[in-house]
Amino acid sequence: MTRPVIRHVPDHVEGAITVRSPAKINLHLGVGARRADGYHALTTVYHAVGLYDDLVVTPAEQWKLTLTAAGHVDTDQVPGGDDNIVARAAALFAERAPERVRGRSANVHITKEIPVAGGMAGGSADAAAALVALDRLWGLHTSDEDLVALAGELGSDVPFALFGGTALGTGRGEVVDPVPDEGPWWWVVVPSEEGLSTPEVYAHFDRLSPDAPAEPAYPTELLAALAARDAVRLGAALRNDLQEAACDLRPELGDVIAAGEAAGAVRGILSGSGPTCVFLCTSGDHARDVAATLAADHPVVLVANGPVAGTHLLEYA
């Protein structure tokens, strides 16, 4: 695939397949020691929130990948060529597809709203969307089990992007089991103007936590708070074992979290490996009030609710 270029495309092209995939935050991110395979053992609670990337595919003679982005998304951080996770998803899917569709290509266009390198799994959302869109474009009717297996090969967060909602992730995060969560929960999202490398954060976690346990902490209290639908209890139970490492690399992130809590949020926490900061609020109105306060000092402040549906086809009337 060619490097993504920034251009405008119509919201819908006749005959195109359009798939939407959500951002995620980690309500709990327990990190264990690095395993022999180089990955860290994780116990996490994923939570899909209402920030989305849309992906449109149409048949083509050769692969082409293009991109449109919201103003708060730094497109310079989107990898080009074969390094783009959508390119890898398309290549993997085409390789494993039945003989009758091998050799087919597609135009792929991504409209990004999820921050890049922000700890919200925007790339994983796009990869999941690519799997679903190509499956529908080529009429393959791939089973959910096989789609999830392909997703797990692409990255730890990709299977959850297919599921959405709220889910417990184990292994390296790729083993996903849905968690009952009636919500709704409201979040203020403050992206950073500069991304943060996930491998760099994990490497710093290893330096700061040489005695990390083989099995990470289990989110017993957080799951109970979700079941009780208690925002204050949920705020107290939020946990991110990567937050110390990320804030040590980028101390200003701690200042953002402190500012959100001072503005009245129930709790602030780093999303995944960062640098996006998210703030739990008690209602939509409360979230909008906190967002208005933070907007005085931050160029981009978003409000999102969760849990929301995972990767899904958009139908046009």
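This is a predicted model: local features need pLDDT of at least 70, side-chain atom pairs count only at pLDDT 80 or more; totals for chains, interfaces and linings use all residues.
Colleague: Which residues does UniProt list for "active site"?

Modeller: The unreviewed entry lists Lys24 and Asp157. They're spread over 134 residues of sequence, yet they cluster in space, with a largest C-alpha distance of 8.8 Å. Both Lys24 and Asp157 are included in the lining of the largest cavity. On a 1 Å grid over the protein atoms alone, a cavity is a set of points where a 1.4 Å probe fits but cannot get out, and lining residues have an atom within 4 Å of a point.

Colleague: Is Lys24 buried or exposed?

Modeller: Buried means under 20% relative accessible area, exposed means over 50%, and partly exposed is in between (1.4 Å probe, protein chains only). Lys24 counts as buried because its relative accessibility is 5%. You'll find Lys24 in strand E1 (residues 17–34). Asp157 has 22% relative accessibility, so Asp157 counts as partly exposed. Asp157 sits in the loop between helix H3 (144–154) and helix H4 (158–163).

Colleague: What does Asp157 contact, leaving aside its neighbours within four places in sequence?

Modeller: Contact means heavy atoms within 4.5 Å. Asp157 has Lys24, Tyr46, Ala121 and Ser124 as partners. Beyond four places in sequence, Lys24 touches residues including Tyr46, His47, Asp157, Phe160 and Ser271. A polar atom of the Lys24 side chain also lies 3.2 Å from the backbone oxygen of Gly119.

Colleague: What does the side chain of His109 make a polar contact with?

Modeller: A polar contact is a pair of N or O atoms within 3.5 Å; within protein, one must be able to donate a hydrogen and the other to accept it, and residues adjacent in sequence count only if both atoms are side-chain atoms. For His109, the partner is the side chain of Thr68, at 2.9 Å. His109 belongs to strand E4 and is buried, because its relative accessible area is 5%.

Colleague: Which residues of the largest nonpolar core touch the most other members?

Modeller: A nonpolar core is a set of buried Ala, Val, Leu, Ile, Met, Phe, Trp, Tyr and Cys residues joined through side-chain atoms within 4.5 Å. The largest one has 39 residues, and Leu55, Val57, Val86, Phe93, Leu131, Leu134 and Trp138 touch the most other members. Elements giving it two or more residues include E1, helix H1 (85–96), helix H2 (122–137), H3 and H4. H2 gives the most, with nine residues. A second, separate core has 27 residues, among them Val188, Leu196, Phe205 and Val256. Back in H3, the buried residues are Leu147, Leu150, Ala151, Gly152 and Leu154, and they pack against H1, H2 and H4.

Colleague: What covers the two faces of E10, and which residues sit on each?

Modeller: In a regular strand the side chains alternate between the two faces of the sheet. In E10, Cys277, Phe279 and Cys281 lie on one side, Val278 and Leu280 lie on the other, and they are all buried, with both faces covered.

Colleague: How many bridges join strand E7 to E10?

Modeller: Two strands pair if DSSP finds at least two bridges between them. Five bridges join E7 (residues 185–190) to E10, and the two run antiparallel. Strand E9 (residues 267–270) is joined to E10 by four bridges, also antiparallel.

Key. Residues are numbered from 1 along each chain as its sequence is written. Side-chain values use heavy atoms; hydrogens and water are left out. UniProt positions are given in the numbering used here, feature names are shortened, and annotations may be inferred rather than shown by experiment. On a 1 Å grid over the protein atoms alone, a cavity is a set of points where a 1.4 Å probe fits but cannot get out, and a pocket is an open set with protein on both sides within 12 Å along at least five of seven lines; lining residues have an atom within 4 Å of a point.
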